[in-house]
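Subject: Structure for you to look at

Dear colleague,

I am handing over the structure we spoke about, with the sequence and the coordinates shown just below. After that I set out what was found in it, beginning with a term that the first finding needs.

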Amino acid sequence: MIDLSKLTIKGARESLRKKEFTSRELTQASLSLIEEKDGNIHAFLEVYDDVLSQADEADKKISAGVDLPLLGIPIALKDNMLFAEHKATAGSKILNGFTAPYDATAVEKLKAAGAVLIGRTNMDEFAMGSSTENSAYGPTKNPHDLTRVPGGTSGGSAAAVAANMALGALGSDTGGSIRQPAALCGIVGLKPTYGRVSRSGLIAFASSLDQIGPFAKTVTDAEIIYNTIRGLDPLDSTTVGEDTYPHKKEFEKIIGVPREFVEKEGIGEETKKNLEEAIEKFESLGYKVVDVKLPSVPYSLSAYYIIQPAEASSNLARFDGVKYGAHVDGENSIDDYFQTRGAGFGPEVRRRIILGTYVLSSGYYDAYYGMAVKAKEAITAELRQTFRSVDLILTPTTPSPAFKFGEKSSPLEMYLEDIFTVHANISGCPAISLPSGFSGKLPLGVELTADLGREDNLFKAGKEFLGE
Amino acid sequence: MDAQKVLNLAKLARIEMGAEEAEKLSNEFGAILNYVGEVKKVEEGNKVDKFDKEVYATRNVMREDGEPHESGLYTEQILKQAPAREGDYLKVKKIL
């Protein structure tokens with residue numbers, strides 16, 4: 001039997017190339033592990049029924065001497081990405097029964113690279129949350145401690161990779177939804193630069209912030225997936241090319257730490273100690289670590305909780321019980337909308353639609369949305385100017401390790417989970433969460449943020465940090 | 001934000017909502033709006049460097065109208081997902 005816990009994408013590709021095992025054998029090992037563990041973890045909402053035929057296709061190509069970056073590798077998809085002729089629900093009842101009519105661009109690129117798409121993973125409904133507790137299909141559990149959350153919203157993808165049920169996965173990140181679960185599950189999670197990966201076929205949440213990215217066990221593997229899915233796409237006009245962000249600075253191994261911000265935000269002792277250890281490790285690797293002042297960045301979360309519900313309230317207007325998805329019959333045509341949306345959307349989604357409707361409403365628009373957009377500009381400029389003198393900014397990924405189910409009792413407490421991740425979405429900058437040790441049996445993560453278009457810096461420093 | 005205001009917003013958003021949920025939401029919104037209202041403390045303007053146009057990741061993207069695909073190519077795939085249809089039309093209740 002193949003030991004998936006010791007296998008990376010890079011290693012598995014080598015073994016497949018050398019015919020040490022077949023994609024069918026590798027995929028079967030994944031399926032057995034899902035069978036064995038996922039009853040408890042609940043990372044997957046569905047394992048696709050054509051997985052083994054995908055693996056056989058890959059094996060045919062391998063036999064014919066074809067070499068592709070992900071050929072024969074089992075990869076999981078977050079439930080908000082379209083895979084033609086397969087179900088996708090975004091963790092919501094309102095999309096129960098929906099079958100994707102086409103492939104998301106990122107999915108198409110995975111297929112073209114030979115990946116075996118193994119199944120769709122659990123998530124907070126419409127990617128709203130930080131724990132997967134908001135999924136309409138029940139929560140996912142943290143593989144390191146089943147009484148705790150895996151983080152969210154891409155908690156299913158993170159748990160699937162952390163429990164070795166898939167060698168990699170795609171997630172989406174609007175305020176931290178890849179990096180936070182990666183940290184809580186002890187793996188690598190990357191949010192690329194805004195526009196780096198096409199969102200065509202990603203179920204929209206907050207369109208000025210959403211970005212697709214990879215989960216993997218190593219930075220090298222995350223880079224392999226990233227290189228597969230990135231690129232300009234005529235189907236998503238916000239995608240950026242190689243020349244969109246000319247490099248402003250040579251990589252000089254300089255890391256900035258916004259100590260004032262980090263220390264103000266009430267982080268746990270373990271997390272603080274872990275950050276200091278990460279700083280020492282980077283210093284021992286020849287990095288120069290300096291203090292940076294980021295006075296506007298702490299307001300990213302406030303700006304985020306205006307811009308994001310505002311965009312969600314308009315994006316989710318499309319779910320009307322007429323075009324696709326669930327339908328609940330009302331007394332007349334407009335009552336159909338009320339009944340369908342009333343029954344289809346869960347509590348957090350309703351909360352955000354109402355909040356978004358409020359901040360966009362006449363009389364409040366300038367005080368909330370208008371101010372948030374100005375803050376977004378100031379935060380972006382502040383970060384980009386900082387990146388003229390440092391290559392990377394280092395913070396913890398989350399204020400604490402994985403929390404217990406039901407522990408965050410008010411919405412605001414849950415929202416604060418994004419405090420160290422959300423600046424990257426507000427500014428569009430790429431950021432990566434790296435596993436940085438444990439508090440007891442619970443994983444901790446540190447986050448590196450780089451200037452727009454500088455994923456290369458994240459990969460260089462990330463690989464050195466993890467000794468790859 | 002009081003419960004009546006929440007109900008009005010729910011109506012605007014076409015979401016059926018009961019009085020109990022509206023009450024709960026109105027209690028939570030106080031803390032949330034208080035927190036997000038902090039955003040006005042960001043000093044904007046002078047810190048924004050005007051030296052490069054590409055400083056922001058979001059911008060308007062425009063294009064000319066292009067040639068559409070052949071009519072009817074995707075009709076069946078799309079309509080297959082509709083809760084109710086009649087021929088090649090989406091079916092809804094009578095409006096007038």
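A salt bridge here is a side-chain nitrogen of Lys or Arg within 4 Å of a carboxyl oxygen of Asp or Glu. Please keep in mind throughout that this is a predicted model. In general, side chains of opposite charge can pair when their charged atoms come close.

**Between the two chains**

By that rule Lys93(B) forms a salt bridge with Asp336(A), and the closest N and O atoms of this pair are 2.7 Å apart. The count between chain B and chain A comes to 4 salt bridges, and between these two chains there are also 12 residue pairs in polar contact, with both residues at pLDDT 80 or more.

On the side of chain B that touches chain A, the elements giving two or more residues are helix H1 (3–12), helix H2 (19–36) and helix H3 (75–79) of chain B. H2(B) gives the most to that side, with 10 residues. When the residues of this side of chain B are divided by kind, 29 are nonpolar, 4 are polar and 19 are charged.

As for the extent of the interface, 52 residues of chain B are in contact with 69 residues of chain A. The area buried between chain B and chain A is about 5,200 Å², and carbon and sulfur atoms give 67% of that area.

**The sheet in chain A**

Chain A has an open sheet formed by 11 strands, which follow the order E1-E3-E2-E4-E6-E5-E10-E11-E9-E7-E8 with mixed pairing. Strand E1 (44–47) and strand E8 (288–291) of chain A stand at the edges, and because each has a single partner strand, one side of each is left without a neighbour in the sheet. From one strand to the next, the twist averages 30°.

**Salt bridges overall**

Over all chains the count comes to 38 salt bridges. One of them is formed within chain A by Glu57(A) and Lys60(A), whose closest N and O atoms are 3.2 Å apart. Both Glu57(A) and Lys60(A) lie in helix H3 (residues 51–63) of chain A, where they are 3 residues apart, about one turn of the helix.

With best wishes

Conventions
Residues numbered from 1 in each chain as written. Chains lettered and ligands numbered in written order. Predicted model: local features only at pLDDT ≥ 70, side-chain atom pairs only at ≥ 80, totals over all residues. Heavy atoms only, no water. Contact = heavy atoms within 4.5 Å. Buried area = accessible area lost by both parts, 1.4 Å probe. Polar contact = N/O pair within 3.5 Å; in protein donor to acceptor, adjacent residues only side chain to side chain. Helix = DSSP H or I, 4+ residues; strand = E, 2+ residues; numbered from the N terminus. Nonpolar A, V, L, I, M, F, W, Y, C, P; charged D, E, K, R; others polar. Pairing = 2+ DSSP bridges. Axes fitted to C-alpha atoms, helices over the stretch in contact; angles between N-to-C directions.
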